[in-house]
Every structure is written in C-alpha cells, then in structure tokens.
Amino acid sequence: MSYSKPIYLREPTLEDGMAVYRLIENCPPLDTNSSYCNLLQCEHFASTSVAAEMNDEIVGFISGYLLPKSPNTLFIWQVAVNEQARGRGLASQMLLHILNRPFCQDVHYIETTITEDNKPSWHLFKALSKSLETQLQHAPWMDKQTHFDGQHDSENLVRIGPFNLNQTNKLL
C-alpha cells in the first residue's frame with residue numbers, strides 16, 4: 001500500500017465492530033477482546049474512540065472512555081494500527097483527533113496501561129506528553145501474578161497531564 005493514500009479519521013460505528021476485531025487480531029501483541037466487546041466499544045464509546053479508514057478498510061483504531069470517577073481523564077484502552085498504515089504518525093493523529101472533539105473539551109489527563117517491553121506504546125505516549133507540553137508519570141499497577149494469575153505481563157499505569165486542550169488544536 002502506498003503512503004499517498006489518504007486516511008480518514010472518524011467516530012466508529014456499530015457496523016465497524018467486526019472490522020475492529022479483525023484489526024486487533026492482526027496487531028500482535030495486542031490482546032484480543034471478544035467481538036462483542038469491540039462492537040460495544042464502537043457503539044457505546046464512539047465519542048472517545050476513533051476509526052482510521054483507508055480505501056474503505058479500517059486500518060487503525062483507538063478505544064477509550066472517560067473514567068466514571070474522574071470525567072476529566074480519558075483512559076485509552078487499545079491502540080491498533082494495521083501494518084500497511086504504519087510509519088505515518090497515525091496513532092498520534094488518532095489520539096489528537098479524539099482529544100479535539102467537543103465531547104473531550106473537559107479532558108485534562110490521559111491514562112493508559114503499558115507493559116515494560118512495549119516500546120512502541122512507550123514511544124507514542126512519551127511523544128504525546130511532549131507535544132502536549134506536560135508530564136508523563138508511571139507506576140506499576142496490575143501485577144502479573146496478583147492480577148493476571150501469571151497469564152499476562154504486568155502493566156504500568158501511565159498518566160499524562162495536566163494539559164489544556166486548546167493547545168492540541170495547533171498540533172493537528
């Protein structure tokens with residue numbers, strides 16, 4: 001696929017659920033969720049998620065939601081970019097696309113979890129923190145043995161902020 005092909009960013013729809021499921025299946029080491037979960041993400045969390053489309057195909061997806069106990073914090077669940085769309089800064093563009101929506105006007109923090117060895121995710125969120133001119137903090141959160149019964153690597157809770165969303169407009 002050529003890098004010259006345009007990628008359109010938009011809110012996902014219920015009809016995107018299975019395409020998102022297949023995208024995540026094809027983006028190891030991402031954890032696959034049930035197709036039902038991806039359908040719900042596309043429907044219930046459309047305002048805080050984004051689908052990236054190229055040639056009528058979903059080539060990128062970010063799922064996120066506002067934390068119920070802290071609605072000024074956007075939690076990013078997963079970031080998936082198809083191999084054919086990598087190398088274009090798509091993940092960063094998708095994050096900023098979500099942040100610039102009116103629905104997220106009161107967001108001042110982003111949280112996510114990252115395993116120690118996930119270098120692409122660390123790079124993405126450190127770069128986002130720098131572009132938002134704010135801090136990135138992290139600490140162990142979900143332990144491999146305690147929380148995952150040895151079935152998944154430990155996850156660090158990563159927090160970016162505070163930031164002013166008015167600054168992100170200049171970044172798009």
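Reader: Which residue in strand 7 is the bridge partner of Ala-139?

Author: Two strands pair if DSSP finds at least two bridges between them; strands are DSSP runs of E with at least two residues, helices are runs of H or I with at least four, and both are numbered from the N terminus. Here, Ala-139 has Leu-157 of strand 7 as its bridge partner. Strand 6 and strand 7 run antiparallel and are joined by six bridges. Do keep in mind that this is a predicted model: local features need pLDDT of at least 70, side-chain atom pairs count only at pLDDT 80 or more, and totals for chains, interfaces and linings use all residues. Residues are numbered from 1 along each chain as its sequence is written, and side-chain values use heavy atoms, leaving out hydrogens and water.

Reader: Which sense does the pairing of strand 5 and strand 7 have, parallel or antiparallel?

Author: Antiparallel, over five bridges. In that part of strand 7, Asn-156 stands opposite Ile-114. Strand 4 and strand 5, by contrast, run parallel and are joined by three bridges, with Thr-73 partnered by Tyr-109 in strand 5.

Reader: What joins strand 3 to strand 4?

Author: A hairpin through two residues. These two strands pair in the antiparallel sense over eight bridges, and Ser-63 stands opposite Gln-78 of strand 4.

Reader: How should I read a nonpolar core?

Author: In soluble globular proteins, nonpolar side chains tend to be buried together. A core is a set of buried Ala, Val, Leu, Ile, Met, Phe, Trp, Tyr and Cys residues joined through side-chain atoms within 4.5 Å, where buried means under 20% relative accessible area with a 1.4 Å probe, protein chains only. The largest nonpolar core here has 30 residues, and among those touching the most other members are Leu-90, Met-94 and Phe-163. Helix 3 gives the largest share of this core, seven residues. A second, separate core has nine residues, including Val-20 and Cys-27.

Reader: What does UniProt list for residues 7-147?

Author: The unreviewed UniProt entry lists them as "domain: N-acetyltransferase"; such positions are given in the numbering used here, feature names are shortened, and annotations may be inferred rather than shown by experiment. In the model, the end C-alpha atoms of residues 7-147 lie 38 Å apart, and the span is 30% helix and 31% strand.

Notes
Buried means under 20% relative accessible area, exposed over 50%, partly exposed in between (1.4 Å probe, protein chains only).
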